[in-house]
Amino acid sequence: MNSLTAKRVNNLIALMVIIVVLLLLIWPFFYIFVSSFKPLREIMARAVFFPVEATWGNYETLLFARTPVRDFPRFLLNSLLVSLATTALSLTVASISGYGIARGKRLKSGLLSRLLLLFYVFPTIVLLIPIHGMFTSVGLYDNLWSLVIVYTAMIAPFCTWLLVSFFENIPKDLEESASLEGASLFRIFIRIILPLAAPGLVAAGAYAFITSWGEYLFALLLIGSSLKRTAPLGLATFTAEQYIEWGPLLAGSILIMVPVFLLFLPVSGYFIKGFTAGAVKE
Amino acid sequence: MNRIRAQAWREHLFLLPVLSFVLLIFAYPYIRTFLLAFYNVSFGARESYFVGLGNFQALLRDLDFWSAIGRSFTWAAGNLLVQMTVPIGIALLLNRRMRGIHLARALVMLPWIVPSAAIAVCLRWMLLPRIGMINQILLNTGLMDREMHFLGSSATAMPTLILINSWKFLPFGTLLILSALQSIPESVFESAAVDGARGFQMFRYITFPLLGSMIWFVGFVAFAWNFNIFDLIWLTTQGGPGSATETLPVLIYRTAFRTFRLGEASAMAVFVAILLLIVGIVYFRVLTPKK
């Protein structure tokens, strides 16, 4: 009895510490969110946590006071297209290669498949000049597809290894019996393997979407015209001029962050699990 | 024999999709940068000519380059100091079974998944003197006695950015440590408890040694990650004030795409790649404790 109460007190203390740590870590998001409803004079005055006269003004400026150079809805749409295309392409590429690695013992221990991850530790900055040159020479500079290609290359290797751990858990008998009944490899892959690896695909897809949605450096490098800017790039243009419009900036930041939160929180379980499964094995 | 070889071929065919992207976007550009480093190329110019080691000789005399290397290492070291310690604490805290722990783990991840651009612009506002919330909090709690322009003065800009960047990395480090913690069997702790290990003792003699290799792994991942950071610095200080936060990626970007000296920028990039390779080898061969 006594140890039970002790355990309860212990848990309660732990819970309180966890809440404090969480508050310390994520209060900025909450503060930015409430501040995005402040009118300019509150944003530019001595900081108070909650808005006194809450307003939609910042969002209205951002979404309706559009100019060709500053078309935030367009930026969001560009980001959405790029992220969706990158996610689809990364998942296709990663599921084929991940399946191959999961089923081929030689591949798994092979140098070539390990090499894929090696590129993550090399400095990205080394790639900038040739990639800029490459896309310019094939006429894909200032084209959203160039971003899709670069992002897929950045994301697919990680997704591949993430999926390997999910594919490995699918019993081989399933495939063999389907194959005895005359199903082709392609059919087995689409009908049996992919559905069973769905949690992995969700985790990998969320990773792909989130990473490409927020990427800044390659967008800065490969996009020239204002109509093709992605959201992070478009957001940065609000700070480029002498006068920084903090109101629309805060509202824009919220609009960039919210999709990420909405996408991540429901799948965070799979995400964390897929991630840790890969990390522990290494 | 032939059949085995044919099957090996078929297996490797599966790698083709991901490998083609990696070769196109990583391997080829690496080779290209290496070649460019020996040429004098300026942006947009059709003509480029071979200068041999000329770009590298210019680098050796370039004081900006050497101080950027110094700043990059300060940046890496400062970040590692936070990133190799704090995640252990958070992971220990989250490594227990109780109601709501999954939500807590998900919420901890938020700084990592949020786009850097949004963080950078919002924190610029929050760090301003007079109107920024962070100044306000530090003044009210008595941690500071006067307003600070955190990103605007060369003494504080670097430490401030290190804290922001480390904050963004914390979830990732925590996740890795947490996964290592969860792979330690419960029985290890139980038998240690029977032997009378309590609280800090338990951590010092049981948990910490078992985490060892993961902590070193986190350190390496963090180092590589930090070294690459461009967006956070570019969108807050652009390397300033003066050049107080101009790390290598910022300097290389500026040299290539603001002053259009592609050859020199390529030489810098090659230098950085070699430097990191050496750091990586030293880290794994010399520093990492053997099992």
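This is a predicted model: local features need pLDDT of at least 70, side-chain atom pairs count only at pLDDT 80 or more; totals for chains, interfaces and linings use all residues.
Visitor: Why is Phe275(A) said to count as buried?

Guide: Its relative accessibility is 7%.

Visitor: Which residues is Phe275(A) in contact with, leaving aside its neighbours within four places in sequence?

Guide: They are Phe158(A) and Leu162(A) from chain A, together with Trp112(B), Phe172(B) and Leu175(B) from chain B. Phe158(A) and Leu162(A) also belong to the contact that H8(A) makes with H11(A).

Visitor: What makes H8(A) roughly antiparallel to H11(A)?

Guide: The axes of H8 (residues 144-168) and H11 (residues 198-214), both of chain A, come within 9 Å and cross at roughly 160 degrees. Angles over 145 degrees count as roughly antiparallel, and therefore this pair is described in that way. The crossing is right-handed. Among the residues making the contact are Tyr151(A) and Phe166(A) of H8(A), and Pro199(A) and Tyr207(A) of H11(A).

Visitor: How many residues of this contact of H8(A) with H11(A) are nonpolar, polar and charged?

Guide: There are 13 nonpolar residues, three polar ones and no charged ones.

Visitor: Turning to chain B, how do you know that Thr245(B) is buried?

Guide: Thr245(B) is found in the loop between helix H13 (231-236) and helix H14 (248-257) of chain B. Its relative accessible area is 0%; the limit for buried is under 20%, so the term applies to Thr245(B). Not counting residues up to four places away in sequence, Thr245(B) touches several residues, including Arg71(B), Met158(B), Leu161(B) and Ile233(B).

How values were computed. Residues are numbered from 1 along each chain as its sequence is written. Chains are lettered from A and ligands numbered from 1 in the order in which they are written. Side-chain values use heavy atoms; hydrogens and water are left out. Axes are lines fitted to C-alpha atoms, for helices over the stretch in contact, and angles run from 0 to 180 degrees between N-to-C directions. Helices (H or I, at least four residues) and strands (E, at least two) are DSSP runs, numbered from the N terminus. Angles under 35 degrees count as roughly parallel, over 145 as roughly antiparallel, 65 to 115 as roughly perpendicular and the rest as oblique. A crossing is left-handed if the near helix is turned anticlockwise from the far one by less than a right angle, and right-handed if clockwise. Contact means heavy atoms within 4.5 Å. Ala, Val, Leu, Ile, Met, Phe, Trp, Tyr, Cys and Pro count as nonpolar, Asp, Glu, Lys and Arg as charged, and the others, Gly among them, as polar. Buried means under 20% relative accessible area, exposed over 50%, partly exposed in between (1.4 Å probe, protein chains only).
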